[in-house]
Amino acid sequence: MMPDKSYYQERASRLRIETRAFIDGRYQQASGGASFDTLNPATGEIIAKISACDGADVDKAVEAARRSFDSGVWSRADPSHRKDVLLRLAQLLRDHGEELAVLESIDSGKTITDCLNEVAHEVPRFFQWYGELIDKSFGKVVPTGEEAFSVIVREPIGVAGLIVPWNFPLLMAAWKLAPALAACCSVLLKPAEQTPLTALRLGELAAQAGLPDGVLNILPGTGEITGQAIGRHPGIDVVSFTGSTVVGAHLLRYASESNLKPVGLELGGKSPMIVLEDAEITGDLIQNATMAAFWNGGQNCSANMRQIVHQSHYTAFLDAVITEARRIVVGDPLDPGTTMGPMVSAAQRDRVISYLRKGVEEGARPVLGGADGPTGAGFFVQPTVFEGVNPRMTIAREEIFGPVLGLISAKSVEEAFAIACDTEYGLHASIFTRDITRALRLARRLPVGTVSVNSFSEGSIATPFGGYRKSGSRSRDNGTEALEQYQQTKTIWVALNG
Ligand code: NAP
Ligand code: MG
């Protein structure tokens with residue numbers, strides 16, 4: 001029998017919650033003694049007071065990371081050993097998958113079903129995939145004349161600062177941590193204030209897996225203090241960040257005002273879904289459309305909020321999407337029957353509601369949901385469908401990061417393409433059509449990092465993920481490309497004279 005809500009509630013009541021930073025292989029309070037609260041977004045209650053790291057803690061973690069890196073205990077360890085450690089970590093994460101999923105769910109408001117999938121299933125796969133890559137990555141031999149021999153080797157960049165958001169807390173940490181560790185770096189990880197709990201638990205599991213002290217340091221704290229200290233630290237060699245475009249710009253500034261460290265940026269989006277005239281409006285298409293807008297309560301950087309539908313399908317699509325969206329069950333995230341939890345925080349809920357009001361003010365028509373959502377202790381909003389959206393409206397231009405689907409009508413493929421491109425972002429796009437030639441032509445022309453055809457998909461662990469335009473820098477998470485964020489190349493040139 002499938003576990004029910006009471007099973008997960010009981011599991012939640014037995015969780016042991018780690019609240020301290022993990023520095024140099026052991027848990028410790030922040031040196032300044034400060035703390036912040038992490039809440040359960042479904043109830044608004046405080047779960048725990050978490051150590052708030054400051055500049056002194058970041059200094060301490062950088063020293064530990066540098067010491068471990070220079071000692072070679074990880075950075076120059078045998079590849080087969082490093083692989084074994086990451087594979088052991090993957091297994092430990094699987095063994096603790098349910099515990100971590102419940103912890104993630106109460107801290108973030110994400111549904112238990114999604115947490116089990118992401119935390120118990122996908123996160124271990126990341127450590128496994130990059131662990132297995134360790135002894136299968138090669139350098140290059142340079143084409144030279146007989147007078148020289150030259151190779152290009154990939155070397156770890158050193159100490160990496162990883163700053164992650166709250167929408168996929170442990171998964172985003174794994175997207176960065178697994179390749180950074182596989183690339184031999186020592187790291188500092190800063191989870192988001194709203195969702196520090198699963199990342200903190202990871203420290204102990206990594207130590208159990210055999211990761212040497214100092215290689216992984218986990219520093220909870222605010223972006224303004226802990227994040228900025230990481231961004232400005234002269235002893236950190238690279239920063240990889242996922243979050244908002246505004247903070248991404250801050251990190252570029254911190255780098256330019258400190259040691260010119262490279263900054264990998266994975267930022268926001270305003271991703272389009274295009275439904276062409278020749279598409280068939282099937283149940284599968286409608287499920288993809290609703291998932292694209294409402295999955296994770298729309299708190300997803302690649303959410304396809306702008307759904308650009310050929311006018312011939314507009315009414316049928318709208319009716320089907322409303323029917324499908326009505327099936328969304330908003331409620332207690334620990335109930336396996338729930339398909340959408342609350343927003344992560346009161347601030348995020350209020351932000352979403354302000355966009356819902358703006359949409360109405362600017363003339364879009366809410367045909368499902370709207371700003372007058374449930375009131376109560378949790379940070380809930382209703383799934384909302386707007387029709388009659390036009391590309392100049394604020395809700396069609398700014399990232400909402402909430403459960404909002406906006407329908408835009410288009411007369412032709414060229415008009416749909418123009419609307420899709422009319423944004424400063426470029427993370428993702430979906431295209432629905434039965435004409436594969438048309439799909440591939442459009443896919444090549446769209447200025448975005450990922451295009452999915454006849455589905456809403458972000459690809460897989462094997463495919464690089466990242467944005468064009470203001471959705472990111474040239475860096476990519478996932479795939480073998482992710483290693484490049486944490487490596488630099490060295491040329492070794494040997495003269496063979498005589
Ligand atoms: P955010 O402020 O960019 O937060 C992301 C991470 O950056 C968090 O760990 C945050 O720390 C940290 N941070 C904040 N200010 C910083 C600073 N000055 N220096 C260094 N680090 C800093 O994003 P958010 O406020 O959580 O969400 C706001 C918007 O960002 C969303 O509505 C959405 O538009 C976008 N977003 C995008 C993604 C994505 O996957 N692309 C994910 C989340 C959010 P604290 O949380 O501790 O302050
Ligand atoms: Mg929380």
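Let's start at one residue: Arg349 is buried, with a relative accessible area of 18%. Buried here means under 20% relative accessible area, exposed means over 50%, and partly exposed is in between, with a 1.4 Å probe and protein chains only. Arg349 has a charged partner, Asp350, and their side chains meet in a salt bridge at 3.1 Å, N to O. By salt bridge I mean a side-chain nitrogen of Lys or Arg within 4 Å of a carboxyl oxygen of Asp or Glu. Asp350 itself counts as partly exposed, at 42% relative accessibility.

Before I go on, a bit of housekeeping. This is a predicted model, where local features need pLDDT of at least 70 and side-chain atom pairs count only at pLDDT 80 or more, while totals for chains, interfaces and linings use all residues. Residues are numbered from 1 along each chain as its sequence is written, chains are lettered from A and ligands numbered from 1 in the order in which they are written, and side-chain values use heavy atoms, leaving out hydrogens and water.

Okay, back to the charges. How many salt bridges does a search of the whole structure find? The search turns up 26. One of them joins the side chains of Glu98 and Arg11, at 3.4 Å, N to O. Glu98 sits in helix H4 and Arg11 in helix H1 (residues 5–13), so this pair ties together parts that are 87 residues apart in sequence. When I say helix or strand, I mean DSSP runs numbered from the N terminus: H or I of at least four residues for helices, E of at least two for strands. Are these two partners buried or partly exposed? Arg11 is buried at 15% relative accessible area, whereas Glu98 is partly exposed at 26%.

Then there's Glu257 with Arg253, whose side chains form a salt bridge at 4.0 Å, N to O. Both residues belong to helix H9 (residues 245–257), 4 residues apart, which is about one turn of the helix. Glu257 is partly exposed at 48% relative accessibility, and Arg253 is partly exposed at 34%. And there's a network too: Arg16, Glu99, Arg201 and Glu204 are linked by salt bridges.

Val102 is buried, with a relative accessible area of 0%. What does Val102 touch, not counting residues up to four places away in sequence? Its contacts (heavy atoms within 4.5 Å) are Tyr8, Arg11, Ala12, Leu15, Ile112 and Leu334.

The magnesium ion (ligand 2) is coordinated by Thr38 (OG1), Leu39 (O), Asp107 (O), Asp107 (OD) and Gln194 (O), at 2.2 to 2.6 Å. Thr38 lies in strand S3 (residues 35–40) and Asp107 in helix H4 (residues 97–108), so the pair ties together parts that are 69 residues apart in sequence. Donors here are N, O and S atoms within 2.8 Å of the metal, or 3.2 Å for Na, K and Ca; water is not among the atoms, so sites may look incomplete. Thr38 and Asp107 are both buried.

Now the sheets. There's an open one with 7 strands, in the order S14-S15-S16-S13-S12-S17-S18, and the pairing is mixed. Two strands pair if DSSP finds at least two bridges between them. Which strands stand at the edges? Strand S14 (365–368) and strand S18 (450–453) do, each with a single partner strand, so one side of each is left without a neighbour in the sheet. From one strand to the next, the twist averages 25°. Inside the sheet, strand S13 (residues 306–310) pairs with strand S16 (residues 404–410) in the parallel sense over 5 bridges, and Val309 stands opposite Ser409 in S16. Helix H11 (residues 314–326) packs on this sheet, touching strands including S12, S13 and S16, and its direction makes about 170° with that of S16. Axes are lines fitted to C-alpha atoms, for helices over the stretch in contact, and angles run from 0 to 180 degrees between N-to-C directions. Helix H12 (residues 346–361) lies across S14, S15 and S16, at about 25° to S15.

Finally, an open sheet of 3 strands runs S5-S6-S19 with antiparallel pairing. S5 and strand S6 (residues 148–156) pair over 2 bridges, with Lys140 opposite Ile152 in S6.
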